Amino acid sequence: MILDVVAVAAGGAVGALLRFAAIRRAEARTGAAARPWDRVARATLGANVGGCLLLGVWVAAAGAGRIAGDWPPAAANALDLFVLTGVCGGWTTFSTIVADGARLRAERGPASALGYAAATLAAGILALWLGLRLGT
Amino acid sequence: MPEPTPPQPVWMPTAAVAAGGALGALARFGVEVALLATVDSVLLAASLSLGAVNVLGAAGLGGLLGWIDRHGGPDALRPLVGIGGLGAFTTFSGFVAHLRVLEAEAGAWATALFFMGSCCAAGVLFDAARNAPADGAGPS
């Protein structure tokens with residue numbers, strides 16, 4: 001149990017740092033004054049797609065017994081929690097999708113916000129599908 | 001409008017994001033474990049957990065951004081609570097993975113409704129939390 005808690009916390013920190021690095025890089029590249037919605041939204045979309053891809057690869061490879069196949073069950077379970085609940089869960093985010101959507105709705109209308117949410121969902125499902133293929 | 005922030009050392013927001021990310025992921029894990037222990041159906045427990053975590057986390061981000069709009073607050077607040085904490089408390093990969101299970105059980109329309117419904121509910125609460133003064137100062 002304590003192992004699970006440590007695994008989730010460590011994974012969450014790693015995942016959040018990966019997402020933060022993408023946001024910082026996007027801000028540095030485009031310049032702070034240029035179109036705040038676009039640069040942050042692209043970084044968030046990239047983080048969300050990356051997390052779904054990793055999740056797909058991990059689920060497929062672990063399901064095939066190719067990761068930690070001969071580990072004790074408690075350790076293998078903690079590793080799963082580290083990668084899936086921690087890293088993938090912390091790398092991807094939902095709150096920022098909503099924040100970007102709210103800004104889009106205010107600036108360009110509700111259709112843009114719904115389109116952004118639907119596009120993120122489609123990209124995530126595609127990344128998951130690709131990851132499951134790559135991991136098998 | 002947020003005023004331009006002066007240059008700050010890189011380690012400060014980085015450490016804040018890592019700490020917030022650890023706590024946010026742990027809180028999400030806690031909600032999931034608690035619901036799995038109390039709700040009989042695994043599918044229902046997972047759906048409730050993902051829906052609750054994501055909608056509440058988005059509403060919380062609205063409240064945080066509104067508070068920062070009005071009061072400013074320390075530089076570490078947004079990296080710690082917003083990007084790290086609520087960013088990692090909410091999840092998209094878990095949502096997408098869960099949609100696969102839900103689609104097999106309940107069909108594609110249920111999954112699309114679940115995601116877009118969560119987005120709309122979260123969007124309404126986000127706006128309400130961002131614009132509602134938590135300190136009773138009145139709308140500005």
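B:Leu86 is found in helix α3 of chain B, where helices are DSSP runs of H or I with at least four residues and strands are runs of E with at least two, both numbered from the N terminus. This is a predicted model, in which local features need pLDDT of at least 70, side-chain atom pairs count only at pLDDT 80 or more, and totals for chains, interfaces and linings use all residues. Residues are numbered from 1 along each chain as its sequence is written, while chains are lettered from A and ligands numbered from 1 in the order in which they are written.

B:Leu86 counts as buried because 28 other C-beta atoms lie within 10 Å; the term requires 20 or more such atoms within 10 Å, with C-beta atoms placed from the backbone, whereas 12 or fewer make a residue exposed and values in between partly exposed. Neighbours within four places in sequence aside, the contacts of B:Leu86 include A:Ser95, B:Gly57 and B:Leu61. Two residues are in contact if their C-beta atoms, placed from the backbone, lie within 7 Å.

Chain A itself has 5 helices and 0 strands. Its C-alpha trace spans about 55 × 25 × 25 Å along the principal axes. Of its 136 residues, 49% count as buried. Among contacts in chain A between residues at least 6 apart in sequence, 81% join residues at least 24 apart.
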